[in-house]
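Hello,

Here is the structure I promised to pass along, with some notes on what turned up in it. Have a look at it first, then read on below.

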Amino acid sequence: MNNLAAAFAGGKAFIAFIICGDPDLETSAACVRAAAENGADIIELGVPFSDPTSEGPEVQSANVRALRGGVTVDQIFAMLKNLRAEVAAPFVLRAYANVVFSYGIERFAAACAEAGVLGLVLTDVPFEEKEEFAAPCRACGVSLISVVTPASRGRIGRIAREAEGFLYAAAGRGEEGGLSSVIEEAKKVCPVPCVVWADIAAPAGAKALCGAEDGIAADTQPVRIAAKYGKQAPAHIGAFVKEIKAALR
């Protein structure tokens with residue numbers, strides 16, 4: 001069992017999302033430690049990009065702040081290498097295709113493996129075009145994480161059947177009502193856990209989502225916390241993770 005699969009062995013997993021470099025990499029590293037210490041089963045780290053069109057306004061603003069602070073991909077990988085020695089929770093990166101292209105796909109995949117990153121989410125890469133990225137990642141032991149939404153009707157089974165690491169199920173605006181049926185359809189053929197990707201701000205939100213999914217990812221609230229508290233964010237992110245994880249038990 002690899003570490004991504006092991007993250008789901010104890011029940012519903014919780015994934016905390018942190019933008020690297022907002023407000024700075026030192027604080028981001030402290031947020032990762034705080035999330036892991038308080039029960040996050042997987043930590044997803046956003047690689048800042050200048051045009052993160054798949055994200056909401058709060059995550060977009062965090063990307064802008066991180067880039068203005070001068071964060072680079074190499075600095076992120078160096079941070080993760082240092083954290084890997086002290087954080088047991090698996091790392092997953094969320095990035096955009098241009099970032100990976102600019103760095104070099106094979107080089108990026110190798111750097112992920114060297115930094116202990118087990119999964120990669122590319123939010124702007126369609127399923128039909130994923131193999132250009134998936135094959136180099138697979139060769140390095142990194143899973144390319146796929147995403148299904150209610151708009152994926154007619155393709156959910158195919159996407160789910162080929163999923164690696166875990167499968168994200170996300171709902172766009174006005175699509176929340178169809179998410180349960182998406183998860184149910186995906187899980188019929190999906191060989192890996194299925195995780196709801198949602199904006200969860202409180203334990204009640206986590207409890208309301210509990211159903212057929214194998215885990216929940218808090219997409220925006222840790223980003224809000226970092227924006228609000230800056231360098232004091234780690235303690236608040238730790239408290240948030242602890243509350244949500246308790247709600248999933």
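Let me start with Glu55, which counts as buried because its relative accessible area is 9%, buried meaning under 20% relative accessible area, exposed over 50% and partly exposed in between, with a 1.4 Å probe and protein chains only. Glu55 sits in the loop between S2 and helix H3 (57-68); helices (H or I, at least four residues) and strands (E, at least two) are DSSP runs numbered from the N terminus. Leaving out neighbours within four places in sequence, Glu55 contacts Gln60, Arg94, Tyr96, Thr123 and Asp219, where contact means heavy atoms within 4.5 Å.

Before going further, the basis: this is a predicted model, in which local features need pLDDT of at least 70 and side-chain atom pairs count only at pLDDT 80 or more, while totals for chains, interfaces and linings use all residues. Residues are numbered from 1 along each chain as its sequence is written, and side-chain values use heavy atoms, with hydrogens and water left out.

An unreviewed UniProt entry places the feature "active site" at Glu44 and Glu55; UniProt positions follow the numbering used here, feature names are shortened, and annotations may be inferred rather than shown by experiment. Glu44 belongs to strand S2 (residues 42-46) and is buried, at 1% relative accessibility. Not counting residues up to four places away in sequence, Glu44 touches Ile15, Ala16, Phe17, Ile18, Val92, Arg94, Val121 and Tyr168.

Another buried glutamate is Glu213, at 3% relative accessibility. You will find Glu213 in the loop between helix H10 (203-209) and strand S8 (215-218).

Now for a pair of helices. The axes of H2 (residues 25-37) and H4 (residues 73-84) come within 11 Å and cross at roughly 35°; axes are lines fitted to C-alpha atoms, for helices over the stretch in contact, and angles run from 0 to 180 degrees between N-to-C directions. From H2, Leu25, Ser28, Ala29, Val32 and Arg33 meet Gln75, Ile76, Met79 and Leu83 of H4.

Helix H2 also holds Thr27, which is buried at 6% relative accessibility. Beyond its neighbours within four places in sequence, Thr27 is in contact with Gly230, Lys231 and Pro234.

Best wishes
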